[in-house]
Amino acid sequence: AWALRHRHMFPVDVNRASKSLLMRVPGIGVRSVNRIVEATRFRRVRLEDLGRLRVALNRAKWFVITADHNPDVF
């Protein structure tokens with residue numbers, strides 16, 4: 001609900017965002033945020049990587065930008 005009320009802050013680039021902002025994305029929990037932060041140390045995270053990291057993509061994909069996904073571009 002917070003993300004929908006603060007739509008001006010989204011979409012968030014998961015490769016650059018802080019932990020606190022990633023925690024606000026629907027479908028991304030504490031464990032997933034830690035996994036994403038760890039993965040960004042080695043390479044750029046893609047949408048398929050988020051699926052492997054057990055992020056609920058059906059909720060999160062509208063609020064994040066990855067190396068291969070941008071919800072604003074059609």
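How exposed is Trp2, in terms of its relative accessible area? Trp2 is partly exposed, with a relative accessible area of 23%, where buried means under 20%, exposed means over 50% and partly exposed lies in between, calculated with a 1.4 Å probe on protein chains only.

## Basis of the model

The model is predicted, so local features need a pLDDT of at least 70 and side-chain atom pairs count only at pLDDT 80 or more, whereas totals for chains, interfaces and linings use all residues. Residues are numbered from 1 along each chain as its sequence is written, and side-chain values use heavy atoms, with hydrogens and water left out.

## Aromatic cluster

Rings of Phe, Tyr and Trp (for Trp, the six-membered ring) are taken as a pair if their centres lie within 6.5 Å, and a pair is stacked when the planes are under 30 degrees apart, edge-to-face when they are over 60 and tilted for the rest. By this rule there are two aromatic pairs. One of them joins Trp2 to Phe10 in an edge-to-face arrangement, with 6.2 Å from centre to centre and 85° between the planes. Phe10 counts as buried, at 8% relative accessibility. Phe10 also pairs with Phe63, and because their planes stand at 85°, with the ring centres 5.5 Å apart, this pair is edge-to-face.

Arg24 lies over the face of Trp2, at 4.3 Å from the ring centre; a charge sits over a ring if NZ of Lys or CZ of Arg is within 6 Å of the ring centre and within 35 degrees of the ring normal.

## Nonpolar core

A nonpolar core is a set of buried Ala, Val, Leu, Ile, Met, Phe, Trp, Tyr and Cys residues joined through side-chain atoms within 4.5 Å. The largest such core has 17 residues, and those with the most contacts inside it are Val25, Ile28 and Ile36. Helix H2 (19-22) and helix H3 (30-40) are the elements that give two or more residues to this core.

Once neighbours within four places in sequence are left aside, Val25 is in contact (heavy atoms within 4.5 Å) with Phe10, Ala60, Phe63 and Val64.

## Salt bridges

Six salt bridges are found in the whole structure, each being a side-chain nitrogen of Lys or Arg within 4 Å of a carboxyl oxygen of Asp or Glu. Arg43 forms one with Asp49, the closest N and O atoms being 3.3 Å apart; Arg43 is partly exposed at 47% relative accessible area, while Asp49 counts as buried at 7%. Asp49 also meets Arg52 in a salt bridge of 3.0 Å, N to O, and both residues lie in helix H4, three residues apart, about one turn of the helix. Arg52 is exposed, with a relative accessible area of 54%. Salt bridges that share partners join Arg43, Glu48, Asp49 and Arg52 into one network.

Arg46 forms a salt bridge with Asp68, with 3.5 Å between the closest N and O atoms. This pair links distant parts of the chain, 22 residues apart, with Arg46 in the loop between H3 and helix H4 (47-52) and Asp68 in the segment after S2. Arg46 is partly exposed at 38%, and Asp68 counts as partly exposed at 42%.

Note on methods: Helices (H or I, at least four residues) and strands (E, at least two) are DSSP runs, numbered from the N terminus.
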